[in-house]
Amino acid sequence: MFNLNNKDATPLYRQLFLQIRDQIISGELPAHFKLPSIRAMAVELATSRNTVEGAFQELCAEGYIYSKSRSGYFVSYIDQELASSSRVIHPQQDLHPKLAERYKYDFHPARLDPEVFPASLWRRCLIDCLRSDAGDFSQYSEPQGEWGLRCNLQFYLERSRGVHCTPDQIVVCSGLQQSLTIVAQLARGRHESVAIENPGYHLPREVFHNNGFNITPIDVGIGGLNLSTLKSTSSTVVYITPSHQMPLGYVMPVANRLELISWSKTGERLIIEDDYDSELRYIGRPISSLQGLCSDGNIIYQGTFSKVFSPALRLSYMVLPKSLLNDYHRLFQGHFCQVPLLIQRAMINFMERGHWEQHIRRSRNFYKKKHEIMLQSIGEYFGRKAKVIGQGAGLHIILELAESLNDELAFVERAKQKGLRLLPFSEFYVSSQTEGNKLMLGFGGMKINDIPEGIETLATLIH
Ligand SMILES: Cc1ncc(COP(=O)(O)O)c(C=O)c1O
């Protein structure tokens, strides 16, 4: 009568529940029909009594069946007309069209390698948190983020990035989009125009624009954001990626950093330092943060778990300058933290057990190898047709072509036909007018053995 499949991802009790329910709805099992006993059905289906009992309990709870003491379970009366019109429709299980696009060589810059994700350690941290902290799930968590997580972050940032702060300056966020939205609200009324890097990450541009700020694009050179251009504008807020400029990969030298800090000291100017992938530096020592050079200045430091841990987790943080704390508390006192308590507590476990720093070391070695293979393959297959800029860190490099592409979007489409995913470089510019001679090649999500072949395929598309 019923069929249970052990290989199905749906639990057995649920399979049985669904099959009995469908027969009741269709009228195959008529009203007041007596169902076999739990024991008899378990024997007939060669399954456990728990499975049948679980299904019966759910059917009872939803009113499909009822029990009579010492008589067993019976089918409830259900109006067939109403039942057929409210028949449960199973969700369409087709893959989202974007996900269905499969690329053999995925050069998207925001991909991590699933192999390096510490799944079993993370699972243990989650489970331990559910076991020991379950009592805390019945209430809201701390608005600014769990104190324990902020203490661990403070310790980590001090040692690895030279960031000087106290845990009460740290705000746990669900990514840059949320933290910049908070910053935009803190800046409203005092600032009107935000300077951003051009080329640069699209998100700050969009968040500040959507919050009513004027956007001033600033060109980027080998020393990072062009300070002369910045000084010639009326912008009083600047968003920058000084330790690994997104996308060009340049590092802002210390002299420029000091000059930028000095710029910020006139009036109430504000620097937003996005240190998004500082953990992944393959050559030389990690560069210390701008915040560390002037911890009592007007610098908002942004960090994320998206580049070395998981972008899907939505876990990031920012360090506010002390001067903004009163305003932050005034505006956001009644707001709730956007990161689930479970994720925060599990991350506390992960950090306190030493897994975080171990994971960073492992990831750095892992991606360093991919980075080396990228450079070797480019040397081999491109020769003089291109040179690499912005290497030595992060999860992408920039290929500067000797000859510009005529039509970048057509090129990206041709690459797609060959199984290559490329992000158009023009997307990093405020206006899509670019020299057309750069390709951004992410290597985080590429399988190491596919890199040479992917680069070779790409080289064949360049004449
Ligand atoms: C410059 C920059 N900052 C930050 C992020 C990550 O932000 P989030 O913490 O929202 O994942 C990215 C992701 O690609 C980025 O390119």
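Two strands are taken to pair if DSSP finds at least two bridges between them, and helices (H or I, at least four residues) and strands (E, at least two) are DSSP runs numbered from the N terminus. The structure is a predicted model, in which local features need pLDDT of at least 70 and side-chain atom pairs count only at pLDDT 80 or more, whereas totals for chains, interfaces and linings use all residues. Residues are numbered from 1 along each chain as its sequence is written, and side-chain values use heavy atoms, with hydrogens and water left out.

In β11, Ser316 is the bridge partner of Cys173, and the strand that spans residues 170-173, β4, is joined to β11 by four bridges in an antiparallel arrangement. Strand β10 (residues 299-304) also runs antiparallel to β11, again with four bridges, and here Gln302 stands opposite Met318. In a regular strand the side chains alternate between the two faces of the sheet. Accordingly, Ser316 and Met318 point one way from strand β11 (residues 316-319), while Tyr317 and Val319 point the other way, and all are buried, where buried denotes under 20% relative accessible area, exposed over 50%, and partly exposed the range in between (1.4 Å probe, protein chains only).

These strands belong to an open sheet of eight strands with mixed pairing, ordered β4-β11-β10-β9-β8-β5-β6-β7. Both β4 and β7 (224-225) stand at the edges with a single partner strand each, so one side of each is left without a neighbour in the sheet. A parallel pairing is found between β5 (residues 193-198) and β6 (residues 214-221), which are connected over six bridges, with Ala195 having Thr216 of β6 as its bridge partner.

At the level of the whole protein, 17 helices and 15 strands are assigned, and the C-alpha atoms fill a box of roughly 85 × 60 × 45 Å along the principal axes. Of the 463 residues, 51% count as buried. With contact defined as heavy atoms within 4.5 Å, residues 24 or more positions apart account for 72% of the contacts with a separation of 6 or more.

Because Lys104 lies in the loop between α5 (97-100) and β3 (105-106) and Glu453 in helix α17 (residues 451-461), the pair ties together parts that are 349 residues apart in sequence; Glu453 is partly exposed, with a relative accessible area of 37%.

Asp106 and Arg421 form a further salt bridge, in which the closest N and O atoms are 2.9 Å apart. This pair links distant parts of the chain, with Asp106 in strand β3 and Arg421 in strand β14 (residues 420-421), 315 residues apart, and both Asp106 and Arg421 are buried.

A salt bridge with an N to O distance of 3.0 Å is formed by the side chains of Arg345 and Asp133, which connects helix α14 (residues 341-352), holding Arg345, to helix α6 (residues 119-133), holding Asp133, across 212 residues. Arg345 is buried, with a relative accessible area of 16%, and Asp133 is likewise buried, at 16%. Through salt bridges that share partners, Asp133, Asp136, Glu146 and Arg345 are joined into one network.

Key. Salt bridge = Lys/Arg side-chain N within 4 Å of Asp/Glu carboxyl O.
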